[in-house]
Amino acid sequence: MKRLALTLCLIGISLPAMAQSVAPFGVDPMTVSETGPAPSTVPAPPPFATEMPVQTEIGTTLPDPILTAQAPAQPSASGPDETALRYFAQQGDTVRLQREIERLRALYPNWQPPADPLTTDFVPDQSIVRIWDLVTAGDYAGARAAIAEKKAADPSFVPTADLTETIARGEAGTRLRAASDAGQYDEVISIAANAPQLLTCASVDNLWRLAEAFIKTDATQRGTDAYSYILTNCTDAPERFATMQKATDLLDRAALTPLLALEKDGEFTTLRLDLARRAVAAALEEDGATPASDDVDLLAKSAMADKNAEDLRLLGYFELDRNRPSEARRFFEAANATDPSAASAQGLGVALVQLNDPAAAEAALAEYRDDNEDIAKVYRDAAAATLAREPRLAISETILGRIVETTIATRDAGLAQELGWYAYAFNQPQTALEWFQTALGWQADLEPAAYGLMVSANALGDAARVEEIRRTWGGRSVRIAQFGNLTSLTAPPSVVPLPKPRPAHLTQVQTVRVAQQEAPRQVKQAEAPSGGGGGGGGSGGGCQTFRPPNSLSPGGALTHAWCLMDLNRPAQAVDHFGRALDSANQATRSDAAYGRALAFVRLGLPDEAAVAAAAAPLSDKRVVELQTAILTLKATSAYNIGKYQLALAMLDARAQYAAERNDLLTLRAWSYYHLRRFREAERIFAAVAATGYGDAVSGLDAARASLRSAQSQ
Amino acid sequence: MKRLATLLLGGLMTVPAFAAPAITPEEWQSYLDAYVSPEGRVIDTGNGNISHSESQGYGLVLAALAEDRPSFDRILNFTKTELMIRDDGLAAWRWEPDADPHVTDTNNATDGDMLIAYGLLLASDLWGETAFFTEAAAMVGTMGRNLLVPADGLPAILPGTEGFAGNDATAGQPILNPSYWIFETLPRFDSLDPVIDWNAVAETGLELLRRASTTPAGIPGDWVVMAGGAIGPAPDFPAEFGYNGIRIPLYLMRAGLDPAFLEPFRAKASSAGLFKIDLATGNAIEPIEEPGYRLIQAAMECVATGQPVPEELRTLQTTSYYAATLQLLMLDNLRRQRPNCLGLGAQS
């Protein structure tokens, strides 16, 4: 209030009392005074205020003071018409009553206002009463028409300034709302500038609309100022809350901070919390910004205090996202305590798996494992990790029972294979062999299952089966081909690329080249000529000249696409393979999906590659090839951005499709190293270094140094 | 140009002094009852009860011609508060009663803006309100700067700020609506704005009619393109002369322009009245037959032959907003300027 009074003083008005405030965009002073005696003196206006809560362009277009702006109605000898005065008195409109008294006094210096304006001895001019009724009802068109009618009947009639101002203000308000509704924001600002009387706490909607107009026309600071004006001067609690809500919708987080500082008596607590919640949730979006730590703390404090499971889970996923699984576990445990549910258990399970406690994860998830596909998948991951845990855990009958049940119900070949290895580890090669067989029955190209089958057949002394597996799988798996061949362990790898200084330097190109050489050339030669669903536009002479994909037939586009791949233009090839997918020919479509996926791999876009690969059925061999390439990419890119746990998971997934090359083994070892699992790192570095792989030697040194320093502490 | 100025100014006989309004209080009241809401909204009853800047503009012009200040103020109130919300001060072209917000498309329609400005000028003349004059001058200034475009090298009226600039299909020439040349407004606008040559715009409107007179139909389409010294129907619009174009002879007569310009329109009418015309063949498509439209045809006959208009067309028929509006504008002109067409003896 102090600030407002100051502002009003600056524009030349002193007021004995104020109950309603006006935004100083240029002000009709009279709307501000609600009651009290007329000011005895009106000080001369000092220079125009420079410090205004909300500035528009309009500083110089202040309306003239009403009392002097308009030529007074010609005083008639019979004295003033007191109709309006009595009308205001009857309406209880003390503001207008006072103004009318002042106006009449200015016109008729000798006139005395009636002692009781409510006495009934006065006969009001009914036509003026009617006009004011229309104005009060908001029918400004009707009021204007009535004024015109009265003028026609009585040419000397001059409406009071108050009346015409009130109508003009009402019309400006209607225009402001219509312009705002129609999104004509410059016009909203212009109307407000010319009718500053609209901008009062009593019509806070107008202020909201003006703020929005400023923000929508990139005058964000002025919009913020308008909200700030409301929060500084207006007192209606629901309107203050709504003001902050509107600001929240239109301004970014940083701009809201000074507005939140205008809070009175904790009125914005729920809004602050909501903002914190939004900020944390936004961090989980793609490219989401990191929330302010205040927001995280606020949400965490509130969620813990209120036991809000929804918020607790949100915080849990937030912590998982920033790789703090034990913080995440704390939130998910709290969520699970207050809301034992699939949603809580799922988050907890993920956190526990990341904390390398898969058995606890399995236990937390078990009850909900059939609830939905998402949680079922997390459960199977936890179960697989439990089975694979080294050193092997002794898993109880009950738990093993439900893992087996899930494996069979979902025909999960990966899990079946893990059950095989688990049985094998506990010296049950026959059981192991059966699980490996089952896994292969569900997924015929699952190399680890084939390898497991070989190992357990070997343990059972079934040499015939060992050789049979070597025969059918040897071409696809080095470890199967070389099984039992002790020399192979130390032989220098012939196909492994030259040692790299760090696994992080593994490039996509290298990865892709491996994938590319395995099949697409033959594919192109063998299948492209038979492809093509329609006539028109073959590729003709090579693909050096750009051809829009849709100008080619699907078959032509396929040939063109492979040609582009040869020129190492995968981005263009993506589009041409896309065109080839239009073919009616299954082989062409399959080839196109495969090629498109390869092109994405070459572009370093594993997710797009996975989607592209699903566009048409592919041969098992190609699925394996693509999955291997995609997972290699994912592993290396996860490593490159420091997500070592994820890199390991990707390498594990990749191991289902192909044996781990030395470079990837080194990547795995470095991942362990960064996760401070030095012993595991050391073991792998040692094995790979034994093959003469240089990078592993430096890794081995690093791991051993870390182990030593860890022991010495 | 000089010839045109003489033609326009010499023939100008829009609103001469007249003891009483040419539109009677009774027929004006029946117009108000049929088409104007208490809020001052002029309702297009033939068009889903929407309003537009054109209907509001006609309402303002008619209220001024009927010398009804209360109604003028009502209509102006609605026009300004609900439609004149564009950033450039012109009116949004359409207001829909059932839409929220009521204005969903803020494009303008230039003829609507011209009518609103003209209505304000008539009101300013009649009631001595300088505020009306100031508002009209601002609108005319905006139109002169933003809505005049070269069409085949001639200054022409762009029908709206958005969507009419032309494209490859029009060889870059703007799409025009010949009925947006409200000829009586143009000399008035010219006198308001020393910078813009609105009389040259009027000359373009007549040139457009001259070019149309050499086409198979002899009259222009509702939407046209001028290029290469010729005129043709605008692509993506029906190649028709229709409800837009029927205003052209009305405007020509109201502006007192050379009756020779009326001849092609008269030739396309018959004793049965006006028709929608297929521009390619010049053949009639369907009649345009409400009394308001038939009066335009009868007035053309009177101008050419001196034959008074039929008795039954001399009183307002409130069949539809559009026909009634045109009929009142035509009656206003006949009563002021051509009493012989109403069987009332020589022109005053």
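**Ground rules.** I number residues from 1 along each chain as written, with chains lettered from A and ligands numbered from 1 in written order. Since the model is predicted, local features need pLDDT of at least 70 and side-chain atom pairs pLDDT 80 or more, while totals for chains, interfaces and linings use all residues; side-chain values use heavy atoms, without hydrogens and water.

**Chain A.** I looked up its helices (DSSP runs of H or I, at least four residues) and strands (E, at least two): there are 36 helices and zero strands. Of its 713 residues, 48% are buried (under 20% relative accessible area, 1.4 Å probe, protein chains only).

**Largest core.** I then checked nonpolar cores, meaning buried Ala, Val, Leu, Ile, Met, Phe, Trp, Tyr and Cys joined through side-chain atoms within 4.5 Å. The largest has 153 residues, and B:Y31, B:M143, B:F183 and B:L252 touch the most other members. Helix α12 (residues 321–337) of chain B gives the most, ten residues. This core lies between domain 1 (1–15 + 149–337) and domain 2 (36–146) of chain B, because both give residues to it; the bounds come from an automatic or database assignment.

A separate second core of 48 residues includes A:F332 and A:A416.

**B:Y31.** Beyond four places in sequence, its contacts (heavy atoms within 4.5 Å) include B:V36, B:L62, B:Y321 and B:L328.

**A sheet in chain B.** I found an open, antiparallel sheet of three strands, ordered β7-β8-β9; strands pair if DSSP finds at least two bridges between them. Strands β7 (240–241) and β9 (284–288) are the edges. Four bridges join β8 (residues 274–278) to β9, and B:L274 stands opposite B:I288.

Notes
Buried < 20%, exposed > 50% of the residue type's maximum accessible area, 1.4 Å probe, protein only.
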